[in-house]
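Subject: Structure handover

Hi,

Here is the structure for you to look over. My notes on it follow below.

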Amino acid sequence: MVTAVRHLGPNWYAAVMGTAAVATAGAALPVPRVPGLRTVCAAVWALSLLLLLALLAARALHWTHHRDQARAHLLDPAVAPFYGCLSMALLAVGGGALTVGRDWIGDDAALALDVVLFTAGTATGLAAAVAVPYLMAVRHRPQAAQASPVWLLPLVAPMVAAAVGPLLVPHLPPGQARATLLLGCVAMFGLSLLATLLMLPLVFTRLITGGPLPLALTPSLFLVLGPLGQSTTAVGAFADAAPGALPAPYGESLGVLAVLYGVPVMGFALLWLGLAGAHVVRARRHGMGFAMTWWAFTFPVGTCVTGAAALARHTGLFVYDGLAVALYGLLLAAWAVAAVHTARGLFSGALLAAPRSAPVAPRPVTVRTTSGAVR
């Protein structure tokens, strides 16, 4: 077991995030009650909790017995941004505890679990949002041509905290406590949004001027949907929690923000979904095989489901009901494919094996013939 986790990177938390997204997005669907849907969502949430616990234990073994590899991950510009996934996995499972997990573990246990995971996830997310860009600037020093949507991961983590934090607001005493938590979530929304707006042009410029991403990285284009869908979800959650937490003018203002911000951002998310989907189809035709990057098809799409559901609540438009359902169908398909391939790779050992090293090209040699000619 100790040897098996040597190459277990922080990117594995994406599987937890994607599984939790299936549960929370399903519970948020703006549709009439579907028999059995909530029970299935609760079961999927329980699976995400088990995956989180197993992965936390495995990563603890990794850091205890393979510190050299763990430090190498931190100093690798292709791996370090995935440390944002730890925060998002904690937050996704914690938020799911209050939305669907309470059906199985009870309200008190769900609240306690969410408090613990929200606190830990927020702290690690804010740390990653500072530490990873710092390492990129000081130690990694990547080139602009290496820009990748993966760079967004540590910056999106505070946005996830901003989106799930309002779930805890009604459980706090009225007054200062509720207002502080809600406005703290708004602050995390702002810092994540502005940081994303700084980073996203680098990614888009790289895509347009540098050509398609490498095949294995192509699914990471879906990561751009994360801050778009999650920020739309967040403003909707602010509007839901504001009436009992903030004075009258601000509650109504956040309701207006949920629509005026969410509608155009969701429009851009659909544009990006089409662009990213076209790149994935192209990459598949060129031989793109399964990699853990396929989990990028899950959580970001799940945030768009909850974002569309929030717009359906605040606009009353049926078009957002249909959009949420359609995106959820895409999420289910993506999760099933990624889960099957991941399970297969785990049982075969292929996903836990050391990365293949690139073949070394033979050094050029100069041969002089007996006639003196050089070849």
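The lining of the largest pocket divides into 37 nonpolar, ten polar and three charged residues. This is a predicted model, so please read everything here as computed. The pocket holds about 1,300 Å³ of space. Its lining counts 50 residues. Closest to the centre are Asn 11, Ala 78, Phe 82, Met 292 and Thr 293.

Next, the second largest pocket. Its volume is about 750 Å³. It is lined by 33 residues. Ala 28, Gly 95, Thr 99, Ala 163 and Leu 167 lie nearest its centre. Two or more lining residues come from each of α1, α4, α5 (107-140), α6, α8 and α10. Here α4 gives the most, with seven residues. By class, this lining has 18 nonpolar, ten polar and five charged residues.

Is Ser 192 buried or exposed? Ser 192 is buried, because its relative accessible area is 0%, and the cut-off for buried is under 20%. Which residues does Ser 192 contact, leaving aside its neighbours within four places in sequence? They are Leu 155, Val 156, Pro 158 and Met 159.

Best wishes

Technical notes
Residues numbered from 1 in each chain as written. Predicted model: local features only at pLDDT ≥ 70, side-chain atom pairs only at ≥ 80, totals over all residues. Heavy atoms only, no water. Buried < 20%, exposed > 50% of the residue type's maximum accessible area, 1.4 Å probe, protein only. Contact = heavy atoms within 4.5 Å. 1 Å grid on protein atoms, 1.4 Å probe; cavity = no way out; pocket = protein on both sides within 12 Å on 5 of 7 lines; lining within 4 Å. Points joined across faces, edges and corners; volume = space filled by probe spheres on them. Nonpolar A, V, L, I, M, F, W, Y, C, P; charged D, E, K, R; others polar. Helix = DSSP H or I, 4+ residues; strand = E, 2+ residues; numbered from the N terminus.
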